[in-house]
Every structure is written in structure tokens, then in C-alpha cells.
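Please look through the sequence and the model below before reading on.

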Amino acid sequence: MKLKNLLEEMMPDVILCTHPFAIEMMSILKRKGKTNIPVAAILTDYAPHPFWIHEYIDAYIIPNEDFIDDLLNLGVAKENIYPIGIPVSSAFLTEISKKEAREILQLEDKLTLLLMGGGLGIGNIKEIFEKLIFSNLDIQIIAVTGYNTILKNQLLNLSLKSNKKTKILGYTDKVNLLMSASDLLITKPGGLTISEALVKGLPLILSNPIPGQEEKIQNIF
């Protein structure tokens, strides 16, 4: 098994899982006695769901105390629950002025909207982008399409039909810079993106949630 071989090669002291699939795989390995390495689940959603919950997981790190009762109801032992928060890169603590960020991105110094659809570039980004780019609003737009190259090409083609300033990116590790340059973020309600925006103090519009945990997030915010 590739994962078991990787663990034997790396020999970690603890395994941190930020996605339900990884938690399930580690639970299976521990149940079969293939490893005894401690495993911590870091919930990156603001609303827990059963896919996060598996046997043999040693710790659940959750966004806040409001989650505790939810996890208890899902069968997690209270001594395994740690309301520490969603971890955000320290890069988001680096302050960049809007003016400087826009100069770096070669954007104008005007109202800037940031569209994001997560690493997979999912949601109704194309529809929102199209309405904004052909609107009468005096704006410029940054759009991040993640690994969705089809979406990126669609937005590039649309941008050619408008005189609005746009910056269309695929997957990027410059989210702190993009948020620094922006006045408003329009995104689906993923827990990590929301946490990053909250650290930056960037206003949010949440759109097209995935049914379940993201609908709950939208109701919270």
C-alpha cells in the first residue's frame, strides 16, 4: 500500500489530516494494525459533518467551542476535541497596502473585486464574472480559477470582450497579495478561504455553497 510505504519511509511523529479522505485512510490503516502513529484531524469547515468522523483518530482540532456538542453527538470523545481554530498561513499576517499590492499586480488604484472558487475552481464563477465584466460598475476584477483550466480559458475569452481591467489566474500561492489588493471577496464558503479573509479584514460575499457544511457556513456568516 503506497500510503503505508510512505509512512514507513517518512516515519512522522504525528500525522495531521486536513481532509476527510485522509482521515478515513488513516483510520483504516490503524484499524488493521498497519500503523500506530497518532493522527489528528484538523477540521477546515465551519460546520462538521459525518465524513470527518472515523475510529482510531486521536485528536480533533476544531474552529471553536461551538463545535464541541456537534462532535459529541457524532460520537467523538470529549477528551479528543481541541477547539484551537483553523490554521492560517503566517503570510496573511504580513500587511501589504492596497496601493502597493495593486502596483505589484499591475492593476489600477480603483474598486477591486476578487473572485475565488477554491483549488478546483468550482461554483458559479463564470456567471458572476460575466455579469460583472459587462456591468456599468467602475471596477476591476481579479479571478482565481485554481486548477480549472477550462474555466480560466472561458474567463480569458470573456475578458477580451470588455474594457474592464482584469487579472485572471490559475492556481496561485499569492492569495495574501490578492486579498491585500481587493476591496471585496466573492467566493463559495470554504472554511479556509473564509478564515484567510477574516484575518485580512476583507469583506465577503458568499455564493453557491456545497450542500451541507457550506450551506451551514453561509447561514453563520
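A residue is called buried when its relative accessible area is under 20%, exposed when it is over 50%, and partly exposed in between, with a 1.4 Å probe and protein chains only. This is a predicted model, in which local features need pLDDT of at least 70 and side-chain atom pairs count only at pLDDT 80 or more, while totals for chains, interfaces and linings use all residues. Residues are numbered from 1 along each chain as its sequence is written, and side-chain values use heavy atoms, with hydrogens and water left out.

Helices (H or I, at least four residues) and strands (E, at least two) are DSSP runs numbered from the N terminus, and two strands pair if DSSP finds at least two bridges between them. An open sheet of five strands has the order S7-S6-S5-S8-S9, with parallel pairing. S7 and strand S9 (204-206) are the edge strands, each with a single partner strand, so one side of each has no neighbour in the sheet. Two of the pairings are set out here.

| Strands | Bridges | Sense |
|---|---|---|
| S6 (residues 140-144) and S7 (residues 166-169) | four | parallel |
| S5 (residues 112-116) and S8 (residues 184-187) | four | parallel |

Within the second pairing, Leu113 stands opposite Leu184 in S8. Helix H5 (residues 125-133) packs on the sheet and touches S5, S6, S7 and S8, where contact means heavy atoms within 4.5 Å.

Which residues of H6 are buried? They are Leu151, Leu155, Leu158 and Ser159. Seen down the axis of H6, these buried residues fall within an arc of 100°, so they line one face of the helix; the arc is that of the directions from the helix axis to the C-beta atoms. They pack against H5, S6 and S7, whereas the face turned away from the buried side of H6 carries the exposed residues Thr149 and Ile150.

A search of the whole structure finds one aromatic pair. Tyr147 and Tyr171 are stacked, at 4.8 Å centre to centre and 10° between the planes; rings of Phe, Tyr and Trp (its six-membered ring) pair if their centres lie within 6.5 Å, and planes under 30 degrees apart count as stacked, over 60 as edge-to-face and the rest as tilted. Both Tyr147 and Tyr171 are exposed.

Conventions: Axes are lines fitted to C-alpha atoms, for helices over the stretch in contact, and angles run from 0 to 180 degrees between N-to-C directions.
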